[in-house]
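User: I have a model open here and would like to talk it through with you. Could you start with the terms and then get into the details?

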Amino acid sequence: MEHKNSTSLLSDPFRFNKTAGYEGLFGLISHEFFHAWNVKRLHDPVLGPFDYSGENYTKLLWFHEGVTDYMDDLIGMKAGVIPWSTEAKEWAKRWTENGERPGRAEQSLEEASFDAWIRFYKPSEFTPNSTVDYYEAGALVGLMMDAQIRVGSKGAKSMEDLFAMLWQRHGEKGLTDADIRKAYQELSGLDPEPFWNAHIRHSGPLDPSAIEAAFGLKFETKAPWESLPPEDLKDAALARFSKSYVGLEFGTAPDASTIKNVIPGSPAFEAGLSYGQEILAVNGWRTTLGTEVQQRIADVPVNGKVEFTVADCGRVKTISVPVVENPKRIFRILPDPMATDEQKAMFTKWTGQAFPPQSALAPKSRSVKP
Ligand SMILES: [Zn+2]
């Protein structure tokens, strides 16, 4: 938790056993350190001094938390502690997760910021389908903004200049959305309205074009069955496992075969399956774990049907659901083989690291930051 002149951090004492643990802790430390500016000093006036008698509403958590999340990654790279390969995987994973989260089309980053008091810290069964994560999506919007500023200023300005400009102009006096838009416009030379309408006030799909153009990168998308390791790609059964889809998501034990989420618009959703129902059997075979349910679904090829035996508030019923091709797409961020010297130089100025060689990347996990 960030404070004005200090911070309080919690960490697993064994996380140094793995590189990812060390890098995750560094990300947390640099995130809280950057908060000394973004949110503790440079801040929406409502975020301090606080009125502790009630909620303190702000529309700027996407900037104060999300863009801090972006900056903590950037600081790690520029400090030479986090390699580009780690961030490329991390950002691709977030880009994928954000695209897969149904709620991202239902809630804007402004709304997610404003409703943090009643929704972000009080998750419910509706959370994945009705909300966007202002940390994750805010960080990706920060990445897009930084790329746009760098392209617009021909490499002369960056997100770092945006923070410096805001700090010089507003210091601790208080920051508004209009102040951020004005600084973005001056540094990038772009009209901020289309970007704000697409990504802050509404929830348009993320656009990697400025990132690709600035740094000589390519955002590649693949279906889950195309993203398997090369040795697994040859296994027809494994490839089919990744193809069959009905739109069900499960949690972990002890209620593991109880539905945790149903993707809106998916075959399971259209058939009437919903949160909290327990899948007792699939095609007559008893299931007690979500992974078993998913495996039995995978046994049925695309265009087939699965029959679920479902316990719903004590009543047992049978629901038939068509199997369709998995619509999920997985992103990877790769160096563009056609990258120009100018783009490679901008990449190095951005990350403090050499332009990467062509290589395969896979997702990894990340930690939670307050
Ligand atoms: Zn934070």
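Analyst: Helices (H or I, at least four residues) and strands (E, at least two) are DSSP runs, numbered from the N terminus. This is a predicted model, in which local features need pLDDT of at least 70 and side-chain atom pairs count only at pLDDT 80 or more, while totals for chains, interfaces and linings use all residues. Residues are numbered from 1 along each chain as its sequence is written, and side-chain values use heavy atoms, with hydrogens and water left out.

User: OK, how many helices and strands are there in the protein chain?

Analyst: The protein chain has 16 helices and ten strands. Along its principal axes, the C-alpha trace spans about 65 × 55 × 45 Å.

User: What share of the residues is buried?

Analyst: Buried residues make up 49% of the 370 residues in the protein chain, where buried means under 20% relative accessible area, exposed over 50% and partly exposed in between, with a 1.4 Å probe and protein chains only. As for contacts (heavy atoms within 4.5 Å), residues 24 or more positions apart account for 66% of those with a separation of 6 or more.

User: Switching to pockets, how much space lies in the largest one?

Analyst: About 1,000 Å³ of space lies in the largest pocket. On a 1 Å grid over the protein atoms alone, a pocket is an open set of points with protein on both sides within 12 Å along at least five of seven lines, a cavity is a set where a 1.4 Å probe fits but cannot get out, and lining residues have an atom within 4 Å of a point. Grid points are joined across faces, edges and corners, and a volume is the space filled by probe spheres set on the points.

User: Which residues lie nearest its centre, and which element gives the most to the lining?

Analyst: Of the 43 lining residues, Glu 100, Pro 224, Ser 227, Lys 328 and Ile 330 lie nearest the centre of the largest pocket. Helix H3 gives the most to that lining, with six residues, and the elements that each supply at least two residues also include strand E1 (217-222), helix H15 (290-298) and strand E10 (330-335). By class, the lining has 22 nonpolar, eleven polar and ten charged residues; Ala, Val, Leu, Ile, Met, Phe, Trp, Tyr, Cys and Pro count as nonpolar, Asp, Glu, Lys and Arg as charged, and the others, Gly among them, as polar.

User: Why call H3 largely enclosed?

Analyst: Twelve of the 17 residues of H3 are buried, so the helix is largely enclosed by the rest of the structure. One of them is Thr 96, which counts as buried at 10% relative accessibility and, leaving aside neighbours within four places in sequence, is in contact with Arg 329, Ile 330 and Phe 331.

User: How many cavities of 30 Å³ or more are there in the whole structure?

Analyst: A search of the whole structure finds one. About 90 Å³ of space lies in the largest cavity, and of the 13 residues lining it, Arg 104, Ala 137, His 199, Gly 204 and Leu 206 are the closest to its centre. Helices H7 and H10 (192-199) each supply at least two residues of that lining.

User: What about H7, how many of its residues are buried?

Analyst: In H7, 15 of the 17 residues are buried, so this helix is also largely enclosed by the rest of the structure. H7 (residues 136-152) reaches 24 Å from its first C-alpha to its last, close to the 24 Å expected at 1.5 Å a residue, the expected span being 1.5 Å times one less than the number of residues.
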